[in-house]
Structure formats: structure tokens, C-alpha cells
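Hi,

Here is the structure I promised to pass on. Have a look at it first, and then read my notes below.

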Amino acid sequence: MGGDHAPKAPIEGAIQAALEHRQVEFVLVGREEVIEPYRASFPSNIQVRHASDTIASDAEPVRSVRRQPDASLVVAATLVRDNVVDGMVSAGNTGAFMVAGLLFVGRMQGIERPALAGLLPSFQGNGVLLLDAGANTDCTDAHLLSFAKMGQAYAQVAMKIEHPRIGLINIGAEPNKGSEVVKSAYRLLKHEMEGFVGNIESREMLHDVCDVLVCDGFVGNTLVKFYEGAGAGLFEELRAVFMQTRLTRLSALFLRQSLKKFKMRFDYAEYGGGPFLGVNGILVKAHGSSNARAFQVTINQAIKMHQNGLIHALQEAIAKRTETGGV
């Protein structure tokens with residue numbers, strides 16, 4: 001129930017998702033007195049689980065998760081652990097979200113470093129999955145190989161791509177470019193990953209050159225936030241251009257449907273949140289700035305992950321990789 005626009009955005013997003021998926025039961029975790037004003041709008045498939053505490057966006061993750069057992073984020077993670085719910089969505093403190101996932105839901109056998117994935121819009125195709133998007137700032141070549149395996153499984157199950165193309169973010173296309181870790185990762189991926197297409201420079205990443213992009217969390221988080229900022233700025237500039245004169249406003253009127261499609265194609269709210277891959281449950285991190293629509297799409301994403309058996313598919317992929325040398 002966190003985020004910049006809580007509680008309004010997550011509650012309204014959950015209501016829309018519940019109306020769309022009448023067969024799915026929803027549990028809102030948070031302070032009952034905060035949720036109460038919205039209860040009259042709830043469909044019958046929404047219930048409330050009271051949690052008396054919250055974790056601040058700037059709180060230290062490990063200390064907060066350990067010392068605030070009745071924080072909504074911690075309570076939600078325990079519901080996943082105890083199989084009361086099949087997954088959770090949160091726009092709260094990212095560090096606390098990942099710590100709660102590791103401490104209460106637990107990492108999958110064979111996974112040393114779970115990764116945060118993010119789907120970026122692309123100029124062609126259905127977007128590109130980037131991981132790690134911020135969970136691990138320092139990685140080894142083996143970690144990057146593990147991210148590639150999890151990304152491949154996610155692309156196959158959730159994105160319905162039978163043979164995902166795997167790319168490695170680097171400063172050049174040549175195998176000898178980049179840090180020692182990235183060069184070693186290139187060799188590992190080339191040897192062990194079916195569908196590996198080589199190094200990808202950042203200027204190419206949105207041009208449908210691959211389906212999964214692998215990098216460490218520092219690079220990934222920087223790219224994601226740059227993309228979000230550039231996209232928001234572009235939309236504002238376009239709006240300013242079309243509002244300048246009567247003629248440009250008239251042009252915008254004629255182009256309304258095309259502009260709407262363009263915005264939907266590149267609007268982060270239409271692409272859902274970041275699944276935390278490598279833990280024994282469905283945990284999806286929504287953007288902190290998510291509006292109601294973004295929450296609805298992210299909740300739909302979590303439902304789809306469960307219905308498509310993502311956790312089982314990841315466990316199978318990891319087990320297969322372990323048999324041939326470990327993740």
C-alpha cells in the first residue's frame with residue numbers, strides 16, 4: 001500500500017483489478033482506518049488485512065523489516081510465505097521489499113542472488129526485459145549468467161516468447177570490451193546460453209535487438225531511471241508543442257488517437273512493475289510514482305505470473321542449470 005500516491009492510487013488500482021478479475025480474491029494490507037473511506041466502492045472479492053505500521057521510503061531496509069513486524073510490507077510478505085495469498089504487489093521502500101522477500105519468502109534453491117527485473121518499452125516488439133534493475137550493484141560473471149537464465153524463463157512464460165534473445169549490456173559490441181567481469185560473463189553466456197546474441201550497446205537496447213538484457217543492478221537501475229525521466233520529459237515537450245497556437249491545438253485534435261496510442265506504447269504505467277525473480281513466490285515491485293492505472297496493470301501482471309506457473313518454470317530452469325554446472 002506504499003508509494004507516492006498512497007493510499008488512493010493502490011486502492012483504486014486494486015478496485016479496478018478486482019472488477020476485471022472477479023474470480024480472484026484480493027487482500028489489501030494496511031491500516032484499516034486509512035482504507036475504510038474506500039470500502040463502499042469495494043467489490044465482493046476484496047478483503048482487508050489490518051497492519052498497524054508502515055516502513056518509510058527512506059528507512060534502512062534490514063533494520064526496518066526486522067524491527068517492524070506489523071508493517072504492511074512485512075505482513076504481506078508473511079502472507080505469501082504462509083500461502084495465504086499467491087503473490088504481492090508493493091510500491092513501498094524497494095530495499096525493504098527485497099529484504100522482506102529474502103527473509104520471509106526465501107530464495108529459490110540454487111539461486112545466490114535474486115534479481116529485480118523491469119520491462120522497458122521498445123520501438124518495435126513487446127518491450128525488452130532488463131535485469132538486474134537494482135537489487136545487486138556488485139555482481140560476478142556467474143551472477144550475470146544466473147540473471148540471464150531467470151530472464152529467459154520469465155520471457156518464455158510471462159512474455160510468451162518461445163526462443164528469447166539474450167543480450168549483455170556493454171560499452172561496445174566486441175567481446176574484448178568492458179570490465180573483466182563483463183568480458184568473462186560474455187564468454188559464459190556464449191558458451192552456456194541458447195539464444196545469446198552478444199554485447200548490446202545502450203543506444204541499441206530499444207530497437208528490438210534482443211528480448212532480455214543482462215547487467216548488474218547499478219547499470220540497470222541507472223538505465224531504468226534515465227528512461228523514465230526521458231520519457232516523462234518527452235511527453236511534456238510534445239504537449240507544450242501542441243499547445244502553442246490555435247493551429248497546433250487543432251493538429252493535436254486530429255492526431256488525438258495516434259498520440260494516445262503513442263503515449264500508451266511508451267508510458268511506464270502500461271508495462272507493469274518489476275518482478276523480484278529468484279524467490280519462492282510472486283513479488284512485484286511497482287514504481288514509487290505509480291498511479292491507479294499503473295497499480296492495476298501491475299496487479300494484472302502478478303495474476304498472469306501465477307496463472308502461467310512462473311515460479312515452477314523458474315525452478316525448473318534453475319534445476320536444469322544446476323545439473324549442468326550450477327547457477
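The centres of domain 1 and domain 2, taken over C-alpha atoms, are 25 Å apart. Keep in mind that this is a predicted model. The contact draws 13 residues from domain 1 and eleven residues from domain 2. As for the bounds, the domain assignment puts 1-111 + 278-306 in domain 1 and 119-271 in domain 2.

Between the two domains, about 970 Å² is buried, and carbon and sulfur atoms give 57% of that area. On the polar side, there are four residue pairs in polar contact across the interface of domain 1 and domain 2 (both residues at pLDDT 80 or more). Helix α11 (residues 292-307) provides the largest share of the side of domain 1 that touches domain 2, namely six residues. Sorted by class, that side of domain 1 has five nonpolar, six polar and two charged residues.

How many salt bridges are there between domain 1 and domain 2? The count is one.

**Salt bridges elsewhere**

The search over the whole structure turns up ten salt bridges. Here are some to click through.

- Glu-12 pairs with Lys-8 in a salt bridge, with 3.0 Å between the closest N and O atoms. The two are separated by about one helical turn, because they are four residues apart in helix α1 (residues 8-20). Glu-12 is partly exposed at 28% relative accessibility, and Lys-8 is partly exposed at 46%.
- Glu-36 forms a salt bridge with Arg-39, and the closest N and O atoms are 3.0 Å apart. Glu-36 has a relative accessible area of 42%, so it counts as partly exposed. Arg-39 is also partly exposed, with a relative accessible area of 33%.
- Arg-203 and Glu-201 form a salt bridge too, where the closest N and O atoms are 3.5 Å apart. Arg-203 counts as exposed at 64% relative accessibility, whereas Glu-201 counts as buried at 17%.
- Arg-165, Asp-208 and Asp-211 belong to one network, joined by salt bridges that share partners.

**Two buried residues**

Where does Met-159 sit? You will find Met-159 in the loop between α6 (141-157) and β6 (166-169). Is Met-159 buried or exposed? Its relative accessible area is 16%, and buried means under 20%, so Met-159 counts as buried. Setting aside neighbours within four places in sequence, Met-159 is in contact with Leu-119, Gly-127, Leu-129, Tyr-154 and Asp-211.

Not counting residues up to four places away in sequence, Lys-183 touches Pro-175, Asn-176, Lys-177 and Gly-178.

That's what I have for now.

Cheers

How values were computed:
Residues numbered from 1 in each chain as written. Predicted model: local features only at pLDDT ≥ 70, side-chain atom pairs only at ≥ 80, totals over all residues. Heavy atoms only, no water. Domains from an automatic or database assignment. Contact = heavy atoms within 4.5 Å. Buried area = accessible area lost by both parts, 1.4 Å probe. Salt bridge = Lys/Arg side-chain N within 4 Å of Asp/Glu carboxyl O. Polar contact = N/O pair within 3.5 Å; in protein donor to acceptor, adjacent residues only side chain to side chain. Nonpolar A, V, L, I, M, F, W, Y, C, P; charged D, E, K, R; others polar. Buried < 20%, exposed > 50% of the residue type's maximum accessible area, 1.4 Å probe, protein only.
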